[in-house]
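Here is a short walk through a model with more than one part to look at. Keep the view open as you read.

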Amino acid sequence: MDYSWIQIAVAAIFFSVVITLVLSRGYGWLSPTFWRNAAVVSSLIMTFILLWLTLDTADQVRPGSGRIPDWTVINYEIRLVWDGAKRRQVPAVGRETGFFGKKWTRQEAYDLINKGKMTLQSRNCMECHQILGNGAYYATDLTRAWLDPWWEERIMPLTGAKTREEAMMAWLKNPPAMPQGRRKMPNLHFSDEELKALIAFLKWMSAIDTNGFPPRFAVAQ
Amino acid sequence: MAASLAGNKPQELFESQKLALAYFAVAIILFGAQLVFGLIAAYQYINPDFLLDKIPFMTNRTLHVNAMIVWLLVGLMGGVYWFLPLETGREVVGIRLAKFIWWVIVAGVSVVILVYLFVQVGPGNAFTLWFINEGREYIEAPRWADIAIVAWVAVFLYNVIATALAARRITGLLGVLIFDLVALGALYTAGMHYTVNVTMDQYLWWWVVHLWVEATWEVLVGVLMGWSLMYLLGTPRKLIETWLFLEVALVFGTGILGLGHHYFWIGTPEYWIGLGGFFSALEPLPLVAMVVHALYDAGAHRLNTVNRPAVFWAIAQAFGNFIGAGVWGFMQTLPQINMYSHGTQLAAAHGHLAFFGAYLGTVLTLIYIAVQNARRPMQIPLDSKYWSWAFALMILGIIGIAGSFTISGFAQTMIERAELGSTWSAFIRSYTHPWYANTLGWRFLFAWVFVAGYLVLVYDLLTIGKRKEGYAA
């Protein structure tokens with residue numbers, strides 16, 4: 001993108017006003033014609049800018065493009081680090097750790113994450129949780145769920161699991177059996193295969209650069 | 001047109017208006033369903049074990065939200081079927097097709113509700129997304145139902161365009177309506193796809209969710225309130241159309257790029273933070289214009305109207321839209337604040353107040369106008385003992401509900417996000433904090449006030465205007 005948001009906003013308003021004024025020569029600003037022209041011109045200009053920015057955004061959010069991680073990120077350690085220039089947290093990819101004791105090829109990782117996304121939708125997760133900040137407000141935001149210290153602090157001792165992914169799997173098998181806090185997650189009867197995929201999806205999502213949302217994640221406890 | 005709309009000479013209803021009555025009846029029934037599931041969800045906040053194994057929160061919340069979207073959309077479409085023959089002076093073209101698809105939709109909605117309620121979830125594969133639940137908030141409807149909805153909107157659009165063409169009459173109101181409905185129908189298809197890339201998924205998901213409720217629905221409301229004000233107060237067409245064009249210029253001029261306030265944190269580039277913040281800060285402007293417009297019209301006529309409940313709901317709509325969508329939206333739309341408040345109870349406060357103001361007020365205005373004209377002899381002005389109770393109880397109820405959400409939202413924003421770092425443990429510590437937990441009972445109490453208002457409303461709609469002589473005439 002060669003233009004700043006201020007340039008885009010000023011240009012959008014400038015062209016809307018000027019084109020409306022040119023088309024409405026001879027009509028007063030209180031006439032219906034003036035405002036009809038304003039309505040049509042501003043709608044078309046804003047729609048055009050939205051479509052143009054959509055092409056740019058679609059290009060920047062391709063997996064592996066920088067903002068969105070490649071599928072194979074599930075093979076690596078993921079951390080949030082403070083970016084002093086941007087003054088916010090950014091995801092960082094660390095050493096290779098494997099996922100469920102294995103290194104996944106690009107195709108395998110894609111298939112797994114895809115299955116995880118379908119599982120996420122099929123269990124209607126968004127109607128309690130938020131995904132990238134969107135959803136219902138009854139349960140936690142899942143954007144950084146993979147990175148939540150609660151898995152190590154509480155769930156691993158509780159389940160006796162040795163890795164974070166195994167702890168998540170053990171807990172999600174039957175959440176009401178190990179309730180955390182007052183609100184309980186119902187048992188959604190995940191299969192092992194679905195859980196592995198869902199956890200891969202959550203791990204991949206935790207490496208998306210969200211401009212620092214949710215704020216101060218796990219900075220203070 | 002104002003004279004014929006005012007119905008001084010009661011005449012037979014058009015077939016399209018009879019269809020509108022069926023739309024309104026279904027809207028009011030689904031409104032009741034919305035409240036039932038909302039009450040259960042509100043109680044689950046207080047007692048999380050309530051119905052946990054039978055109807056978990058996610059199912060109640062899905063039904064609460066989906067019933068709302070469908071009944072409001074049905075109410076708005078019913079309003080178009082009501083006014084379209086009056087605007088064009090003829091029966092709606094394709095009315096038989098419209099009736100046929102309407103009953104298909106009623107059957108389809110019933111099936112979707114039963115599947116949501118009894119099947120709830122499915123295995124993680126495409127079958128679930130096509131036949132049970134798409135799992136994307138607000139547009140959970142399985143794909144087959146999406147296709148039915150698109151067919152429904154297409155028939156609706158055909159009715160409007162063909163009727164305008166047959167009448168050889170394109171008014172400013174009809175022009176805006178057609179322009180808006182094309183956009184509304186096309187935008188829905190943006191939500192009918194599956195992609196694994198969750199960022200792109202949400203990017204296009206907002207084209208449906210935001211560009212419906214913050215753009216195309218607002219303009220549809222502008223058209224319907226324009227017709228309503230002409231009927232209720234006899235406002236001149238030229239004045240109505242000039243205001244409508246101004247509102248369209250402002251709604252689309254700010255709302256289309258205001259979409260950017262949903263692109264702050266979903267993985268999209270940083271320029272959306274500036275663009276979204278700037279344009280969404282301007283989004284309240286058209287809502288201010290609507291308040292000025294409605295108040296000017298009502299004041300110019302000293303509230304002298306043919307239909308008192310409709311005019312009160314129209315004024316409540318203008319204020320509610322401005323306060324709920326405008327003020328409560330602006331409160332959290334700047335990225336500097338939104339980073340902390342996004343996805344907290346504050347968003348729910350905004351949602352409740354905005355939908356109530358912008359859309360419920362409009363649909364009830366339309367329904368009271370229809371009810372007046374459906375009863376013989378027609379009561380002018382329409383009035384009763386009860387509508388003002390429904391009006392007062394529902395407004396009190398929604399203020400209490402949204403107020404409770406606002407307080408718990410502030411507490412959650414401060415405790416979970418600003419103080420404790422947004423984690424699972426921070427979340428639990430925020431919702432168990434007394435500043436949050438104490439609001440839940442208040443919210444539940446005001447929900448019952450709202451339900452009482454609904455019950456009075458239903459009784460009033462069934463009885464108002466049936467007396468031989470006007471109550472206050």
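Start where the chains meet. The contact draws 78 residues from chain A and 73 residues from chain B; two residues are in contact if their C-beta atoms, placed from the backbone, lie within 7 Å. On the side of chain A that touches chain B, α1 (5-23), α2 (32-60), α3 (106-122), β3 (130-131), β4 (134-135) and α6 (192-205) of chain A each supply at least two residues. Helices (H or I, at least four residues) and strands (E, at least two) are DSSP runs, numbered from the N terminus. With 14 residues, α2(A) gives the most to this side. By class, the side of chain A that touches chain B has 42 nonpolar, 22 polar and 14 charged residues. Ala, Val, Leu, Ile, Met, Phe, Trp, Tyr, Cys and Pro count as nonpolar, Asp, Glu, Lys and Arg as charged, and the others, Gly among them, as polar.

The model is predicted: local features need pLDDT of at least 70, side-chain atom pairs count only at pLDDT 80 or more, and totals for chains, interfaces and linings use all residues. Residues are numbered from 1 along each chain as its sequence is written, while chains are lettered from A and ligands numbered from 1 in the order in which they are written.

Now turn to chain B. Helix α15 (residues 387-419) of chain B packs with helix α17 (residues 434-463) of chain B at an angle of about 160 degrees, and their axes are 7 Å apart. Therefore α15(B) is roughly antiparallel to α17(B) (over 145 degrees). The contact of α15(B) with α17(B) has 22 nonpolar, seven polar and two charged residues.

Conventions: Axes are lines fitted to C-alpha atoms, for helices over the stretch in contact, and angles run from 0 to 180 degrees between N-to-C directions. Angles under 35 degrees count as roughly parallel, over 145 as roughly antiparallel, 65 to 115 as roughly perpendicular and the rest as oblique.
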